[in-house]
Amino acid sequence: MRTVLAVGCLLLSLAATALAIECYSCDGIKESDGPCAGDGQIGEQVSCADKCGLLLEERLTEAGGSVVSSDFRWRRGCATDGQEMTDNSEAEGAELTGELGCQNVGQYSYDNIVVRHTLCLCNSTLCNTHKNDMSGVAGSGPGGLGVAMAVAFYLVQWII
């Protein structure tokens, strides 16, 4: 009986590992091995345990109260509370809660340029594509399924 339980726990741990989410990973804010743009060139797929993150840096050049040019830089990857995305950037990483969706994590200006940083977190496979796709997004992460499977397995063993 204990052997069956041990094997079941092992299988459940392997299933939880297999249920990790996939995220895009690239760094266009600092140097990157590959392209990291807003659309099309969004990085390589990596396996992540918790959430996917996206940090968007917007540089807006203003003249006469209007934006005359813009530059966008992206960082994508695995995340927990978002600190991984804001590290080694000009974004302010204070008060990161790990909540899903997007939040402003800093803004400053110099000369006629405004620099804004937006952090977005999501928890479904390949969800960190674009800021517009991540606002208020929530998916079912792998954790809940693993717990439900463990409870079901335990109950079946208890009944038998």
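These legends describe close-up views of a predicted model.

**View 1. Strand E1 and its two partners.** Strand E1 spans residues 21-27. Five of its seven residues are buried, leaving the strand mostly covered. E1 pairs with strand E2 (residues 44-48) in the antiparallel sense, over five bridges. Within this pairing, Cys 23 has Val 46 of E2 as its bridge partner. E1 is also joined to strand E4 (residues 66-79). Here two bridges connect the strands, again antiparallel. Asp 27 has Arg 75 of E4 as its bridge partner.

**View 2. The salt bridge between Lys 51 and Asp 50.** The structure holds seven salt bridges. In this one, the closest N and O atoms are 3.6 Å apart. Lys 51 counts as buried, at 14% relative accessibility. Asp 50 is partly exposed, with a relative accessible area of 35%.

**View 3. The salt bridge between Arg 116 and Glu 58.** The closest N and O atoms of this pair lie 3.4 Å apart. The two residues link distant parts of the chain, 58 residues apart. Arg 116 sits in strand E6 (residues 113-122), Glu 58 in strand E3 (residues 51-63). Arg 116 is partly exposed at 30%. Glu 58 counts as buried because its relative accessibility, 8%, is under 20%.

**View 4. The salt bridge between Arg 59 and Glu 90.** Their side chains meet at 3.3 Å, N to O. Arg 59 belongs to strand E3, while Glu 90 lies in the loop between helix H2 (83-86) and strand E5 (101-110). The pair is 31 residues apart. Arg 59 counts as buried at 14% relative accessibility, and Glu 90 as partly exposed at 41%. Salt bridges with shared partners join Glu 57, Arg 59, Asp 71, Arg 73 and Glu 90 into one network.

Terms used: Residues numbered from 1 in each chain as written. Predicted model: local features only at pLDDT ≥ 70, side-chain atom pairs only at ≥ 80, totals over all residues. Heavy atoms only, no water. Buried < 20%, exposed > 50% of the residue type's maximum accessible area, 1.4 Å probe, protein only. Helix = DSSP H or I, 4+ residues; strand = E, 2+ residues; numbered from the N terminus. Pairing = 2+ DSSP bridges. Salt bridge = Lys/Arg side-chain N within 4 Å of Asp/Glu carboxyl O.
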